[in-house]
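Good morning. I will go through one model with two chains, taking each chain in turn and then the place where they meet. Please keep the structure open while I talk.

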Amino acid sequence: MLAIQKLVNDSTVDITPTLNVLHHALDNDIKLSSLSFTHDAKGLFGLAKASAAIHKSVAPVPAGQERGKVTIKFKFTLVGGSLDLEHKVQRAESLQKSLQQRFPGYDVRIASQFGSVTPTGQFKGEAGATVQPPGVKQEDSAEFEMTGPPL
Amino acid sequence: MIKLIGFRRTVLLACLMALNLSVLGIYFLSIGPMLDNVTSQRDSVNGQITELRTKINGIKQDMVYEKDNLPKYNELKDNGFFQNQDRFTISRAMEDLRVKAGIASFSYAVGDVAEIPNEDAKAVNYKLINSRIKVDKIVSPLDSNIYLLAQDMASVLPHYVRIQDMNIRRSAEVNEAALKDIAEGKPANFVNADLEFDWITMVPKPDAGPAGPGDVPAGFRRQ
């Protein structure tokens, strides 16, 4: 029973440490418009018997996945001054580096960049005077996705 | 030979030889087998002693394990890990949670009780059960209240509550009109959020045989 309790306990995560690290990683010029936190631990129960995990008689769960996998997504805009697109893209890329340092073992990905610029540099644009349809506002935000073990 | 040593001495020698032969006979035919029997019995007893010693050591280890883990088991029991999941507990917990997190209101939905397949639980005739709890329509001025809600959920329900999913979206900007509404005491909501939790407990497997509709106590959900 205690083995099962350990398995259940290991499959639960406290979101506070993760959110604290994220909070400190985000500077004041970043304004979040959405934040999502997903913990995927459903595979843990089927991987191995908990008693085997406790007595370490077998390697039950792949290394780094003992407590499941966490996915954090957030969308943000930049505030405080009107930056051009180039600087916004640079700011997002510097944030990516900062997050990679603060979340070791995480895969930090820019899911959506400012101005719809892709990480490989691909983008679409129009030269000259263009007329934007009424009611359509170009989205000025970037979205990050981070996946890794719970902190 | 009789002429040399005499008849009487010859008879005496014959008697002594007969006595020796009878002693040898007694030894080989009676004492020898008895000794072999005793030796094998002694070996058998030694084997039993070794077996019992192993068992005693095993029991000692079990007692140490039990002594170490009994408080943990009792703690789990006190924390409700072996408790059934009933709707009244959830209702009370949600109200406690709302007050603790400082949220005006929210909606929640609880899914059917589902069994998590687990061989260890099956081996002790128990099963792991899970209820998915979805929380949405949160009326909260700040996202910090939502983080509090996510954090406190684990303490208001019996062990174990696992956060599965949390989505927070900014729904309105903080502007002059919003601040004026707050000053006038109107409910303010700048964020929308939905959260999903799993409530996991471990309960004894019911006895074989289908249960009728009347077998479920009031407030309890079929598990």
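Chain B has six helices and five strands; helices (H or I, at least four residues) and strands (E, at least two) are DSSP runs, numbered from the N terminus. Read along the sequence, the pattern of chain B is α-α-α-β-β-α-β-α-β-α-β. This is a predicted model, in which local features need a pLDDT of at least 70, side-chain atom pairs count only at pLDDT 80 or more, and totals for chains, interfaces and linings use all residues. Residues are numbered from 1 along each chain as its sequence is written, and chains are lettered from A and ligands numbered from 1 in the order in which they are written.

Of the 223 residues in chain B, 20% are buried. A residue is buried if 20 or more other C-beta atoms lie within 10 Å of its own, exposed if 12 or fewer, and partly exposed in between, with C-beta atoms placed from the backbone. Among contacts in chain B between residues at least 6 apart in sequence, 74% join residues at least 24 apart. Contact here means that the C-beta atoms of two residues, placed from the backbone, lie within 7 Å.

One residue to look at is B:Asp96, in helix α3 (residues 87-101) of chain B. Is B:Asp96 partly exposed or buried? It counts as partly exposed, because it has 14 C-beta neighbours inside 10 Å. B:Asp96 and B:Val156 are 60 residues apart in sequence, yet 6.9 Å apart in space, C-alpha to C-alpha.

Now the core. The largest nonpolar core has 52 residues, and those with the most contacts inside it are B:Ile146, B:Leu149, B:Ala150, B:Met153 and B:Phe197. Such a core is a set of buried Ala, Val, Leu, Ile, Met, Phe, Trp, Tyr and Cys residues joined through C-beta atoms within 7 Å. Strand β5 (residues 191-204) of chain B gives the most to this core, with seven residues. Leaving aside neighbours within four places in sequence, B:Ala150 is in contact with B:Ile163, B:Met166 and B:Leu195, and with A:Ile15 from the other chain.

On to chain A. Its secondary structure comes to five helices and four strands, running α-α-β-α-α-β-α-β-β from the N terminus on. Buried residues make up 23% of its 151 residues. Of the contacts in chain A with a separation of 6 or more, 83% are between residues 24 or more positions apart.

A word on confidence. The pLDDT, which is the predictor's confidence in each residue, from 0 to 100, averages 77 in chain A, and 69% of the residues score at least 70. Over residues 47-59 of chain A the pLDDT is below 50, although this stretch has 22 contacts in the model beyond near neighbours in sequence. Where pLDDT is low, the predicted coordinates should not be read in detail.

In helix α1 (2-10) of chain A, the buried residues are A:Ile4, A:Gln5, A:Leu7 and A:Val8. They lie on the same side of α1(A), because they cover an arc of only 160° around the axis; the arc is that of the directions from the helix axis to the C-beta atoms.

A:Ala41 lies in the loop between β1 (30-40) and α3 (44-47) of chain A. A:Ala41 is buried because 23 other C-beta atoms are within 10 Å. Not counting residues up to four places away in sequence, A:Ala41 touches A:Ser11, A:Arg67, A:Gly68 and B:Arg162.

Finally, where the chains meet. How many residues of chain A are in contact with chain B? There are 27, in contact with 28 residues of chain B. The largest share of the chain A side, eight residues, comes from β1(A). Strand β1(A) is joined to strand β4 (residues 161-170) of chain B by five bridges, and the two run antiparallel; strands pair if DSSP finds at least two bridges between them. In β4(B), A:Leu35 has B:Ile168 as its bridge partner, and A:Ser34 stands opposite B:Arg169.

Within chain A, β1(A) also pairs with strand β2 (residues 69-78), antiparallel, over 10 bridges. There A:Phe37 stands opposite A:Ile72.
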